[in-house]
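Subject: Structure for your review

Dear colleague,

Please find below the structure that I am handing over to you.

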Amino acid sequence: MGGYKRVLILTEDKYGESFFKKLCQKLKEHGLISKQLHCDVKKLPGKCNSKTERILLAREGLDDQIVIIADAHGTNKKEVIASLEGHIPKSFEKITHLIIFDYCIEEWICKGLGIKCGTDPVTELDRHLRSTSGEKYEKYMLPSFLNRIDINLLINNDKNFKCFIRLLRHSVQKNHCRKERV
C-alpha cells in the first residue's frame with residue numbers, strides 16, 4: 001500500500017494517545033494501512049492554543065503528514081476548524097489535515113459496536129455497557145475498545161473514519177476531509 005512513511009497524529013483526548021497508537025497498529029494488522037507507516041501520536045494542547053504551533057514547528061522536516069483530531073462537542077464545527085487553523089504554521093498547511101468529531105471520539109466506539117450514538121455518544125456507550133456487561137463507561141477504557149469494535153462496521157458507518165484511513169494512505173487532497181464533514 002502506498003502512503004506516507006511518517007504521520008503525526010495530535011489528539012485532544014487524554015486517553016486518545018494510547019487509543020490512536022493501538023488503532024494504527026490494528027489498521028496495519030488488517031492491511032488497511034502500510035506496515036511501514038510510523039504513526040507518532042501526541043496530545044493536542046487545545047483547539048486554540050499557541051503551543052500547537054510550537055509543537056508543529058519543532059517537528060519541521062520530521063513528518064510527511066499531520067492529522068489533528070478534535071471534538072466539537074455538538075458546537076459549530078466551523079469554529080473548531082477556525083480555532084485550529086489559526087495555530088497551523090503556513091509551512092505546515094499543505095501537510096496538515098483536520099478530523100473534527102460532531103461530539104467526541106466515542107462516536108467511533110459506538111459505530112464500531114453497532115450502537116446508535118445520537119447526540120451523546122458517551123451516554124449511549126455507557127447505557128450499552130451497563131445493559132450488556134454491567135460495566136460503567138469510564139474514559140480510561142477508550143483504548144480497550146479497539147479489541148471490541150468491528151473495523152469494517154466503522155468504515156461503513158463513519159465518514160470521519162473513512163477519511164482518517166484515506167489520510168493515512170495519502171489518497172486525498174488536503175481539504176477533502178474537511179469539506180466532507182463540515
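The notes that follow begin with confidence and then turn to individual helices and residues.

Please keep in mind that this is a predicted model. The mean pLDDT of the chain is 87, and 91% of the residues reach at least 70. Confidence is highest in helix H4 (residues 106-113), with a mean of 96, and lowest in helix H8 (residues 176-181), with a mean of 44. Two stretches call for caution. For residues 171-176 the pLDDT is below 50, and the model gives this stretch 10 contacts beyond near neighbours in sequence. For residues 178-182 the pLDDT is likewise under 50, and the model has 12 contacts beyond four places in sequence. Where pLDDT is low, predicted coordinates should not be read in detail.

How many of its 8 residues are buried? The count is 7, so that H4 is mostly covered. The buried residues are Glu106, Glu107, Trp108, Ile109, Cys110, Lys111 and Gly112. The elements that cover them include helix H1 (16-29), strand S4, helix H5, helix H6 (151-157) and helix H7. Just after H4 comes Gly114, which has a positive phi of about 80°.

Next, please look at how H4 packs against H5 (residues 121-132). Two packed helices are described by the angle between their axes and the distance between the axes. For H4 and H5 the angle is about 40° and the axes are 8 Å apart. The two helices are therefore oblique to each other, and H4 passes H5 in a left-handed crossing. On the H4 side the contact is made by Glu106, Glu107, Ile109, Cys110 and Leu113; on the H5 side it is made by Pro121, Val122, Glu124, Leu125 and His128.

The loop between H4 and H5 contains Thr119. Is Thr119 buried or exposed? Its relative accessible area is 63%, and it is exposed because this value is over 50%. The C-alpha atom of Thr119 lies 7.2 Å from that of Tyr103, although the two residues are 16 apart along the chain.

A polar atom of the Thr96 side chain is 2.7 Å from the backbone oxygen of Phe92.

Within H7, the buried residues include Asn160, Phe161, Cys163, Phe164, Ile165, Leu167 and Leu168. After H7 comes His170, with a positive phi near 65°.

H7 also packs against H1. Their axes are 12 Å apart and form an angle of about 70°, which makes H1 roughly perpendicular to H7. Phe20, Leu23, Cys24 and Leu27 of H1 meet Phe161, Phe164, Ile165 and Leu168 of H7.

With kind regards

Technical notes
Residues are numbered from 1 along each chain as its sequence is written. Side-chain values use heavy atoms; hydrogens and water are left out. pLDDT is the predictor's confidence in each residue, from 0 to 100. Helices (H or I, at least four residues) and strands (E, at least two) are DSSP runs, numbered from the N terminus. Contact means heavy atoms within 4.5 Å. A polar contact is a pair of N or O atoms within 3.5 Å; within protein, one must be able to donate a hydrogen and the other to accept it, and residues adjacent in sequence count only if both atoms are side-chain atoms. Axes are lines fitted to C-alpha atoms, for helices over the stretch in contact, and angles run from 0 to 180 degrees between N-to-C directions. Angles under 35 degrees count as roughly parallel, over 145 as roughly antiparallel, 65 to 115 as roughly perpendicular and the rest as oblique. A crossing is left-handed if the near helix is turned anticlockwise from the far one by less than a right angle, and right-handed if clockwise. Buried means under 20% relative accessible area, exposed over 50%, partly exposed in between (1.4 Å probe, protein chains only).
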